[in-house]
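Open the model in your viewer and keep the selection tool at hand. This tour goes stop by stop, with something to select at each one.

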Amino acid sequence: MSVLRIELRRSAAAGAALLALVVGVAALYIAPGRWSAGWMDLALATKEYMILLWPIALAAGAWQGRREHRARVGELFATTPRSRTRRMLPVLVAMGASVGLAFLLVVGAGGMRIASTAAYFPPDVVAIMLVGALSLVAAAWLGLGVGRLLPALVTAPVLAVAGVLLVFFTAIMRPDWIGAILSPAYGSSPFYPFQTIDPRVTAVLATFMGGLALTGVLLLVARGPRAFAAAALPVLLGFGAAAAIVPRDEAALVAPIDPVARELVCTDDAPKVCVTRVNANVLDALTPLARQGLSVLAKMPDAPTQAHEDRRAYLVEDEPVRDADIVTIDVRIDDHGGLAHPDAVVPEMVSGLGAGYGGPECERDAAVERAAAYHLLGREPVSDVGVIPGMIEEDPQLNAEAVTLWQGLQKLPPPEAITRVTAVRDAILACRDTTGLLSR
């Protein structure tokens with residue numbers, strides 16, 4: 001233990017851990033909105049930032065690995081009775097424990113922010129985080145071995161650049177199953193609703209990183225050309241074992257979905273408002289707004305009586321929601337884990353007249369729908385820019401047409417105006433053209 005304490009003080013372990021911690025926490029808090037929705041988002045964000053952390057651990061290991069060469073004490077240590085393996089053990093423990101702990105502290109720094117708001121903790125998060133720590137240990141140990149084998153001054157910076165390229169290009173390489181084995185950042189980006197990492201993908205990464213770590217150890221303690229050549233065996237065996245168990249299906253590799261995160265959590269009283277389990281913490285804030293939207297839609301006959309969060313994962317196989325009794329809501333989470341853009345909830349609910357999303361083949365007249373929606377809201381139509389989050393540009397003629405149609409509705413007797421608005425809703429449900437339904 002005394003030797004280990006000396007290594008922690010005098011080696012690059014503490015500096016590498018501090019650098020990884022600072023970089024990781026800074027990367028997280030530059031864009032907290034990317035992971036404030038919950039634990040899985042946080043795990044995926046830290047996994048994505050492996051493109052920064054993994055090269056740091058690799059370069060730090062390489063810098064430490066050339067220490068004996070830099071101090072010119074290799075021949076002196078070779079004359080001592082203690083084996084090289086025993087002499088290198090404190091270095092391995094110090095480097096591995098430092099960078100592994102730094103990664104867990106990065107996760108903990110993010111976890112403190114969302115601990116009070118994240119309503120759902122997927123069990124897979126623990127495995128993803130532990131394998132992330134293992135990946136940094138493997139990088140540090142591999143760097144130690146390479147630094148001992150190639151003790152040049154440029155080895156560490158070259159390995160840092162190579163590490164960035166390796167993590168990035170292996171994450172996007174084809175076929176996907178090879179990237180799942182090789183890249184510690186695979187599967188973390190881009191983010192989409194209810195994203196997860198298949199447990200088998202996590203297992204194969206752990207298998208390969210374990211082999212890579214053992215190769216680094218053997219490179220660090222090897223004596224003679226044959227031992228150096230044999231050091232490649234663990235990483236080859238690790239790749240072979242991972243290739244044997246890695247899933248090949250696209251659902252597991254490209255866009256895995258957590259079905260539990262998509263489950264609905266609903267209010268006990270009516271009208272029922274439901275959100276997904278991962279966003280259950282915003283149900284209380286969303287309920288009065290959703291019920292206000294339902295009361296606006298209730299001006300039409302056969303209006304929806306429930307409001308559900310949109311559970312589509314935006315995948316090819318997901319069919320649009322088409323249920324006349326249910327209006328879907330886009331739930332957005334702000335940087336602090338609460339409900340984002342609450343002022344947009346009611347306009348968004350009413351914008352589709354409670355008729356769902358239709359499909360790409362349906363003829364939709366945006367001006368007609370906007371005029372009908374704002375007639376229900378009781379105010380003149382305005383542009384979606386600044387009202388609907390994410391809208392940054394719009395045809396300037398669109399809202400002008402909607403205002404003209406809305407003014408026509410205002411001149412009609414209320415029952416006739418509601419009849420025409422209902423006809424627009426029915427056309428959307430039946431996937432018919434809505435053009436002209438307000439001005440016939």
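**Before you start**

This is a predicted model, in which local features need pLDDT of at least 70, side-chain atom pairs count only at pLDDT 80 or more, and totals for chains, interfaces and linings use all residues. Residues are numbered from 1 along each chain as its sequence is written, and side-chain values use heavy atoms, with hydrogens and water left out.

**Stop 1: the nonpolar cores**

Select Trp54, Leu136 and Leu212. These residues have the most contacts inside the largest nonpolar core, which has 72 residues. A nonpolar core is a set of buried Ala, Val, Leu, Ile, Met, Phe, Trp, Tyr and Cys residues joined through side-chain atoms within 4.5 Å. Buried means under 20% relative accessible area, exposed means over 50%, and partly exposed lies in between (1.4 Å probe, protein chains only). Helix α8 gives the most to this core, with 12 residues. Helices (H or I, at least four residues) and strands (E, at least two) are DSSP runs, numbered from the N terminus.

Stay on Trp54 and show its surroundings. Leaving aside neighbours within four places in sequence, Trp54 is in contact with residues including Leu136, Gly163, Pro184 and Leu212. Contact means heavy atoms within 4.5 Å.

Now select Leu297, Met300, Ala355 and Ile428. They belong to a second, separate core of 45 residues.

**Stop 2: the cavities**

Rolling a probe the size of a water molecule over the atoms shows where empty space is left. How many cavities of 30 Å³ or more does the structure hold? There are 3. A cavity here is a set of points, on a 1 Å grid over the protein atoms alone, where a 1.4 Å probe fits but cannot get out; lining residues have an atom within 4 Å of a point. Grid points are joined across faces, edges and corners, and a volume is the space filled by probe spheres set on the points.

The largest cavity has a volume of about 80 Å³. To find it, select residues of its lining, among them Ala43, Met50, Phe103, Ile128, Pro184 and Leu205. Then colour α3 (39-48), α8 (124-149) and α11 (199-221), the elements that give two or more residues to this lining. The largest share, 4 residues, comes from α8. By class, the lining of the largest cavity divides into 8 nonpolar, 3 polar and 1 charged. Here Ala, Val, Leu, Ile, Met, Phe, Trp, Tyr, Cys and Pro count as nonpolar, Asp, Glu, Lys and Arg as charged, and the others, Gly among them, as polar.

Next, select Tyr186, Thr196, Asp198 and Ala252. They are among the residues that line the second largest cavity. Its volume is about 40 Å³. The lining of the second largest cavity has 6 nonpolar, 2 polar and 1 charged residues.

**Stop 3: the salt bridges**

Side chains of opposite charge can pair when their charged atoms come close. A salt bridge is a side-chain nitrogen of Lys or Arg within 4 Å of a carboxyl oxygen of Asp or Glu. By this rule the count comes to 10.

Select Arg34 and Glu48. Their closest N and O atoms are 2.9 Å apart. Arg34 lies in the loop between α2 (13-30) and α3, and Glu48 in helix α3, so the pair ties together parts that are 14 residues apart in sequence. Arg34 is partly exposed at 31%, whereas Glu48 is buried at 18%.

Move to Glu348 and Arg332. This salt bridge has its closest N and O atoms 2.8 Å apart. Glu348 lies in helix α16 (residues 345-351) and Arg332 in the loop between β4 (326-329) and α16, so the pair ties together parts that are 16 residues apart in sequence. Glu348 is buried at 17%, and Arg332 is partly exposed at 22%.

Within it, Arg200 and Asp198 meet at 3.0 Å, N to O. Is Asp198 buried or exposed? Asp198 is buried, with a relative accessible area of 13%.

**Stop 4: two single residues**

Select Thr155 in helix α9 (residues 155-172). Thr155 is buried at 10%. Beyond four places in sequence, Thr155 touches Ala62, Val146 and Leu150.

Finish at Trp406, in helix α18 (residues 396-411). Trp406 counts as buried, at 12% relative accessibility. Apart from neighbours within four places in sequence, its contacts include Ala371, His375 and Pro381. Now draw a distance from Trp406 to Arg200: their C-alpha atoms are separated by 55 Å.

Methods
On a 1 Å grid over the protein atoms alone, a cavity is a set of points where a 1.4 Å probe fits but cannot get out, and a pocket is an open set with protein on both sides within 12 Å along at least five of seven lines; lining residues have an atom within 4 Å of a point.
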